[in-house]
Each structure stands twice: as structure tokens, then as C-alpha cells.
Amino acid sequence: MSNNTALRIPATYMRGGTSKGVFFRLEDLPLACHQPGRARDRFLQRVIGSPDPYVKQVDGLGGATSSTSKCVILSRSTRADHDVDYLYGQVAIEDDFVDWSGNCGNLTAAAAAFALHAGLMPPEHLPQDGVCTVRIWQANTAKTIMAHVPVQGGQVQEAGDFVLDGVAFPAAEIVLEFLDPAPDEEGSGGAVLPTGNAQDVLDVPGIGRFAASFVNAGIPTAILNAHELGYTGTELQPAINGDAAALARLEAIRAHAAVRMGLIDHVADAARRQHTPKIAFVAPPAGYTASSGRQVAAEDVDVLVRALSMGRLHHAMMGTAAVAIATAAAIPGTLVCQAAGGSPRTHVRLGHPSGTLRVGAEVQQGADGQWQARKAVMSRSARILMEGWVRVPAGSF
């Protein structure tokens, strides 16, 4: 078989936060992939190596985890008040679909850096030195994100001393501001609390009844109490991901939460919408050993959080779910607020499997009594791992 049976597509492999993904400029994609649809999905699946019944993604660039089975498409923005349009695809590993229903907060940092690397930023908005503010239109959620990227000599400054738990090496800090972060999801009207309540009771037939806070900020997230699920909130991945019965129970809870949040009409629809909503469980501060072996003291955190992504416990903390948790911490009466001591917080330190993460959130209550999310802020880092061309077999999409 000769090399001309494969297409060579310009691509960049990047780490953003605690995730990795393959980045493309929209203009570099095959013409059939310039628009949403089956051709685009099949192309990205082949890049990543999905669907893979062996769940390894050996024949692609995916890493067989939710954190490493991701693709990003960027283009110059068509909106006068934005610089780039950022579209994120969560590629299912063993199943045959790409989930476009939400954003990836971690890869948002890489999207901002890629905008500079790929020449997508207007020259007048790119300083030679200092901080470049990238105005991002997040196409999945139809929201604005302001990313503040350090620049040196007109190029992204990747080296730095910012330490992000879940990432082995320090790098330069990228500050992300998620503006008005409640996605305009069907059935929710963009409300931070889609049911209108800080707490609800979620009834899952055959499994149980659980206190729940449904939060729609960053990404739709269903939040439960760890103790009601039989957990302490200090668990690491092996304790949950190695328990098939526990994963099935948590997925059933997630599916029923999706219906209550107005994201799907029927529980069965959740199988084709794995990226959203997220499910997380919280507990009051306690000391624990992080996955790196580092000791996290109770006084280092305000609330313990464990969150699942694509049916597995996440190794750290998803950026968009962190926005949801921080927003909930700022609203009185939510399970997060209660677990963090009972008083609303403008900043919260989350204890996750890899360590800690500080996130800020601004909320306000309208005249109708409903809560609105104004902004959420967190820091991430990003860098290029590899750049060049990705090869995709001709006729595979």
C-alpha cells in the first residue's frame, strides 16, 4: 500500500490543562468536513482511532480516556467582537459517535494558545510582549470566553512556574474568564438552576432517592452528596472505575438527572449524550492522598469533589465542571455550598483526585428570585506536544 492512500492534514497535538487533543484550523480540513455532519464526525473518529471495540485507540491519536479522546476546530471568528470561533468534539472511545453537546474547559486554554500559534489572531490584537487577550466564541455553548495568554516576542510563552495539579511539569499560566457561563440548553432557558431550586430530590427507580443540585454553568452538571452514594469524597480512580456495578449505577443516576434538567426527553437518550450532563459528588473537607502520592490536608480545600466524564471517574477536575461546582458554591442552599460550610463563596478550593484547584465565580439573584451566573475564573496552562500532519486513510469518512 502506497502513501498516497492516506490524506495528510495539517494538525497540532496539544495539552490544555489536564487534557490533550488534536487541533485543526477549519480551513485545513477536507472540504467535506467544513460543515457539521457525518463526514466531519467520521474524519475526527479516524484521527482519534474510534470506534474501537478493544477500547485502546491504538490506530489513532487518542489515549483511550475521556481526557485524551478530544478534537478541536478553530477558525477566525465571524463575530466582530470576537477573535476566534472554537468548536470542541468529545470522541467516544468504543461507541460510534462524536458528542458536540458541551465545551472542554481544559482545552479552552490550548484553544487560546493555538489561535496565536496558527495565525488566527488579528495582528492588531497580538502584542509583542505581555499578555494577549483572546476573545473566544465557544461554538458548542454559544458563550464568550476571555483567555489571557502570556506572550514573548510575539509568540506564546509556554514556559513558566505555574503548577497545575494533574500535570507533571510547570508551565506558563493562562487565565480563563467564562462570561455568562450558563449554556442555553434546550429546556433550561440558560438558567443556572434549571429546576429553579438549589436542591431537588432525584428518584432513580431501582436505585434510590438522592438529594441533588442541578447546575447549568460551564457545563450542565448534576451534583450529589458523596455519603448518599456510599463514598467519602476522597476516592481515587481505581476505587470507582474498577467497579462495574458502581459505574452502571452512576450512569443510571446521570441519565435520570439529564431528564430532570431538560436535556433529554427519555432516559434511553443518555446513551448518545455521554459528554453532558456531568455527574459529580461532594463532601466536606478531609485529608487524603492524591493520585501522585502527595498528601492533601483538610485545610487545603473547601470542598471535596469527584466528577465523572464519559462514564469514568476523572483523574483530576474537568474545567467546565469546575465552573459548575464553583457557581454552586456561590449560591446558598446548594449541596456544594452546604459541603463547603454553608456560606456562599466567591472563590472555592476544590479537592480532586490529583490535588486542588481554585476557582472563582460571580453570581447574582434577579428580581424574579432566579440566580444568574455572571462570570467564572480559573487558571490553566497549555503547550504544543507535536505539530505537522495527521494521516487519515482515504475513503474513511
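A cavity, as the word is used in these legends, is a set of grid points where a 1.4 Å probe fits but cannot get out, and its lining residues are those with an atom within 4 Å of a point.

View 1. The structure shown is a predicted model, and it holds 2 cavities of 30 Å³ or more. About 80 Å³ of space lies in the largest cavity, while the second largest cavity has about 50 Å³.

**View 2. The lining of the largest cavity.** The residues around the largest cavity are Asn103, Gln138, Thr141, Lys143, Thr144, Ile145, Phe178, Leu179, Pro181, Gly218 and Thr320. Two or more of the lining residues are given by each of strand S7 (143–152) and strand S9 (174–179), and the largest share, 3 residues, comes from S7. By residue class, this lining divides into 4 nonpolar, 6 polar and 1 charged.

**View 3. The lining of the second largest cavity.** Ser66, Lys70, Asn103, Cys104, Gly105, His275, Lys278, Ser309, His314, Met318, Gly319 and Thr320 line the second largest cavity. Sorted by class, the residues of this lining comprise 2 nonpolar, 8 polar and 2 charged.

Conventions: Residues numbered from 1 in each chain as written. Predicted model: local features only at pLDDT ≥ 70, side-chain atom pairs only at ≥ 80, totals over all residues. Heavy atoms only, no water. 1 Å grid on protein atoms, 1.4 Å probe; cavity = no way out; pocket = protein on both sides within 12 Å on 5 of 7 lines; lining within 4 Å. Points joined across faces, edges and corners; volume = space filled by probe spheres on them. Helix = DSSP H or I, 4+ residues; strand = E, 2+ residues; numbered from the N terminus. Nonpolar A, V, L, I, M, F, W, Y, C, P; charged D, E, K, R; others polar.
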